[in-house]
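Dear colleague,

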Amino acid sequence: MTTSRANFPSLALVFASAITLALAPAPGHAQEADTAEAPADDRWTPALSMRYHQVAGLAISPDGAHVAYVVREPLMEGEKSEYLSHVWVAAADGSRNVRFTRGEHSAGSPAFSPNGQWLAFSTARSGKNQIWVIPMAGGEARQVTDAKAGVAQFRWSPAGDAFAFVMRDPQTDEEEKATREKRDVILVDRNFKFGHVYTATFDPAATEVAEATRVTEGDFHVTGFDWSPDGSQLVFAHQADPRINTGRLSGDVALVSSAGGDVTQLVTGQGVESSPRWSPDGSLIAYASTGDQPEPVGLGDLYVVNPETGESRMLQETPNRSVSILGWSADSEEVFLNEVLGTTRHVIAVPVADGSIRQVTEGAGVVGAAAMAAAAGTLAVTWQTTDKPAEVYVTGLDEFAPSQLSRVTADAPRPPMGRTELLSWEAPDGTPVEGLLTYPVDYEDGTRVPLVLNVHGGPAGVFTQSFTGSPSIYMIQYFAQEGLAVLRPNPRGSTGYGKEFRYANFMDWGFGDLSDLMSGVDEVIDMGVAHPDSLLLMGWSYGGYMTSFAVTQTDRFRAASMGAGLPNLVSMVTTTDIGDYLVGHLGDEYFNDYETYEKHSAIYQIKNVTTPTQVIHGALDLRVPFTQGQEFYNSLVRLGVDTEMIVYPRTPHGPTEPKFLMDVSERIVTWFEKYLRGPRPTADR
């Protein structure tokens, strides 16, 4: 199988500029400053990037004639700082493109009925998130379910006469009373609220909500499900409890009658199984599995199982071995996946019997959401490249000939962009590495500029060739507009390059991966682009970890910004909600191997730091607890190293409010610019 490689910008950023960098406006005043200098539409700013609304939640009608998609836009006027999503529907022939939902409550998860006459969606306009439907021929939307705790994922029945959905166990009457009376004590790791499958009938002529029937019972948590083609059964994946960490350790596949009753375990064992999808002919169920053991670092191979005999087998290894199942071909001979391939992301088809894996979509870019109308041979995708924002396209499943349907970003200004190119280099030990370099806007060849090394999260994240003008934690084109080059490498540990590369930083955090990163910096210096004395560093999550560790190992960076970083792996492993992910990378529990945890923790080498380092963290972060940022910040203060700490209230592991998202990049640019001028600062000690 051949894969295409090209350039992508995602959550990475590099800061490059001429030896002198124009003073960036103070955070909170950037829009006014931009307006004074030039029309806001002529320059990339965080505010301008926010005008590139996001496309998600794709669905396609069974006949391939219509595509539904969700548009999310930020609301930031006055006291508002939130997102509003609504459903649009486009005709596949391009003749129609209309908004289907309206109002102050978001709508999402569109799904066409099997006969194509109804569009279902979810919305919380009645209080909790519920299933609503609207006729494709026109008319008012109406509510179908009234689930007490709200509906999570849902699917139409094959006959279109019912829905199956997952709902978390609601609070009991006594629990509700305790909450009202402020007696709602939390008992840690007890009294789990499991997700279970329910069904609700759908009558096109009904005027009242349907009464739901519970299908699954027991002390397990449903993570995904699908109907059998005849509607008589449901296949579902489940794990031991709802905790995110548990999902890395347990997962089985089971069967149950769609009317409810006894559960039959279909695939069990030490591996983690998920995402079951029934074939159209009913003979097989496809699912993802880690094999015969959990793989906390990350692995997902494609398997099929016979629902009658329970016999299962693994299909061909995919290039990245991290499958995301889209569905089956109409003849039940292929399974379609969405997979990261280097710096691109594409739809691929895996044969159930003999034959080679084939790539369905092509090009130097990124397939985001995808939906198939298998019987019609039609595929809908969102597609973006480094210089073109995500829009909805439709194409055939056998031949890639995309036709654009949406114009979500047509009215957003498009100032000149800093171009992005794909680079490749070798680390000192011979490891091949790729990365994306975004040049400053109006860059002149031969000019050396400041370079920002941007490190992605994960560590199994990846920088792909997505649109660099999109709103994100790091607004790439904003950095480029300010005269900075941004290098976003994919060091060992990144996804997109197969299992071996993803596991290549096992018990090696901060060493081999740092070597990959720094050799990329040297590559950009050797190209004559980066100024060797104007290097900057930033990253979020694992990227924040690498930022904290790098400044203990080198003084080459003028300034650094650690976002949601984890400088102390000892305290991190027992406070994060994904402890086994960390143990999986470090080989054992910390109490069995203090030496490894301390060796790879920046906090135990903090005395080496002289680089001015900014610390950014969300106050409600459970993935990388807020105290990780506090540890690093307070240590730098006590050492006399220049630092500042920015805390975003109400914020988990990343900004969820658009005003905060806009704020991050401006604060980083201001911090970087402060240290690009004049002599290097030294620690006050």
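The notes below concern a group of paired strands and then the salt bridges.

This is a predicted model, in which local features need pLDDT of at least 70 and side-chain atom pairs count only at pLDDT 80 or more, while totals for chains, interfaces and linings use all residues. Residues are numbered from 1 along each chain as its sequence is written, and side-chain values use heavy atoms, with hydrogens and water left out.

Paired strands

Helices (H or I, at least four residues) and strands (E, at least two) are DSSP runs, numbered from the N terminus; two strands pair if DSSP finds at least two bridges between them. Strand β30 covers residues 432-438, and six of its seven residues are buried, so the rest of the structure largely encloses it. Here buried means under 20% relative accessible area, exposed over 50%, and partly exposed in between (1.4 Å probe, protein chains only).

Strand β29 (residues 420-426) runs antiparallel to β30, with seven bridges joining the two. Among the residues involved, Glu-426 has Pro-432 of β30 as its bridge partner. The two strands form a hairpin with five residues between them, and Gly-430 in the turn has a positive phi of about 95°. β30 is also joined to strand β32 (residues 485-490), by five bridges and again in an antiparallel arrangement.

Salt bridges

The structure holds 24 salt bridges, a salt bridge being a side-chain nitrogen of Lys or Arg within 4 Å of a carboxyl oxygen of Asp or Glu. One of them joins Asp-226 to Arg-155, with the closest N and O atoms 3.9 Å apart. Asp-226 belongs to strand β13 (residues 221-227) and Arg-155 to strand β9 (residues 154-156), so this pair ties together parts that are 71 residues apart in sequence. Asp-226 is buried, at 9% relative accessible area, whereas Arg-155 is partly exposed at 26%. Both residues belong to a network of salt bridges that also includes Arg-277.

Another salt bridge is formed by Asp-398 and Arg-358, whose closest N and O atoms lie 3.6 Å apart. This pair links distant parts of the chain, 40 residues apart: Asp-398 is in the loop between β27 (388-396) and β28 (403-404), and Arg-358 is in strand β24 (residues 358-359). Asp-398 is exposed, with 73% relative accessibility, and Arg-358 is partly exposed, with 24%.

With kind regards
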